[in-house]
Amino acid sequence: MSTKTTYKQTEVGLIPEDWEVKKLGELGKIINGLTYSPENIKENGTLVLRSSNVQNDKIVYDDNVFVEENISFNPTKKDDVLICVRNGSRSLIGKTALIDEQASNVAFGAFMAIYRSNSNNYIYNYFKSNYFFKEVHKNLGATINSINNNDLKKFKIPLPPLPEQKKIADCLSTWDSAIEKQSQLINALTDRKKALMQQLLTGKK
C-alpha cells in the first residue's frame with residue numbers, strides 16, 4: 001500500500017514533510033585556496049586548480065599552473081566540491097566541479113574554494129542547480145564579482161533523509177553518465193562527418 005507524500009512550506013519552498021532545510025555551513029566547511037606569487041610558479045611542481053580547470057562541471061587539464069613543491073597549501077580530497085568564488089567574469093562565479101581521484105591532493109587558487117562534507121555526492125547536485133546560481137547572483141550585488149565564505153555558509157538547501165539522498169544522487173549520476181556517453185558519441189560522429197566531407201569535397205570518395 002503506497003502512502004501519499006505530504007509537504008510543508010519552508011523558506012526554500014514546498015518540500016516533503018520528512019525533509020529538512022539546512023545551511024551549507026551546518027553540513028560542511030568551506031576551505032580557502034592558495035595565494036601565490038609569480039615567483040612561486042614553476043614548470044613542474046604542485047598543480048594549482050583554477051577557474052580554467054573547471055569546464056562543464058568537470059576538472060580539465062588544458063591550462064595548468066604549477067607552484068614549487070615546498071609551498072604550504074590545503075590539499076583537495078576526493079568528493080570535495082571545487083567552487084569558483086571570485087573572477088573577473090561574473091558569469092563564472094559559482095561554477096563547480098567534483099574532485100575525483102586524479103584531482104585529489106593538489107592545491108587550488110585563491111579565487112577558488114572547496115566545500116567539504118559527508119554528503120557531497122548529494123549536495124554537489126545542488127551546486128549545479130538553478131537554486132544555487134540564483135543565490136550566488138543575489139549575493140554578488142551590483143559591482144562585486146565574488147561570494148565570501150560567510151555568505152556561502154548561509155545558503156540553504158532542502159535535505160532529504162540519508163537513504164533518499166543516496167537514491168537521488170545515484171539517479172542523477174546515471175543521467176550524467178548517459179549524457180557523457182551521448183556527448184562522446186556526438187563528438188565521434190562529428191569527427192567522422194568532417195573526415196567524410198574532406199573525402200567527398202576533394203573527390204577522394
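Reader: Which helix supplies the largest share of the lining of the largest pocket?

Author: That share, 9 residues, comes from H5, a helix of residues 162-201; helices (H or I, at least four residues) and strands (E, at least two) are DSSP runs, numbered from the N terminus. This is a predicted model, in which local features need pLDDT of at least 70 and side-chain atom pairs count only at pLDDT 80 or more, while totals for chains, interfaces and linings use all residues. Residues are numbered from 1 along each chain as its sequence is written, and side-chain values use heavy atoms, with hydrogens and water left out.

Reader: What makes a space a pocket rather than a cavity?

Author: On a 1 Å grid over the protein atoms alone, a cavity is a set of points where a 1.4 Å probe fits but cannot get out, whereas a pocket is an open set with protein on both sides within 12 Å along at least five of seven lines, and lining residues have an atom within 4 Å of a point. The largest pocket is lined by 24 residues, and Asp57, Lys58, Tyr124, Lys128 and Asp176 lie nearest its centre.

Reader: Why is the pair of Tyr115 and Phe127 called edge-to-face?

Author: Rings of Phe, Tyr and Trp (its six-membered ring) pair if their centres lie within 6.5 Å, and planes under 30 degrees apart count as stacked, over 60 as edge-to-face and the rest as tilted. The ring centres of Tyr115 and Phe127 are 5.5 Å apart and their planes stand at 65°, so the pair is edge-to-face. Because Tyr115 lies in strand E13 (residues 112-117) and Phe127 in helix H2, the pair ties together parts that are 12 residues apart in sequence.

Reader: What makes the pair of Phe127 and Phe132 edge-to-face?

Author: Phe127 and Phe132 lie 4.9 Å centre to centre with 85° between the planes, and this aromatic pair is edge-to-face. Phe132 has 0% relative accessibility and therefore counts as buried.

Reader: Which residues form one aromatic cluster?

Author: The cluster is formed by Tyr115, Tyr126, Phe127, Phe132, Phe133 and Phe155.

Key: Buried < 20%, exposed > 50% of the residue type's maximum accessible area, 1.4 Å probe, protein only.
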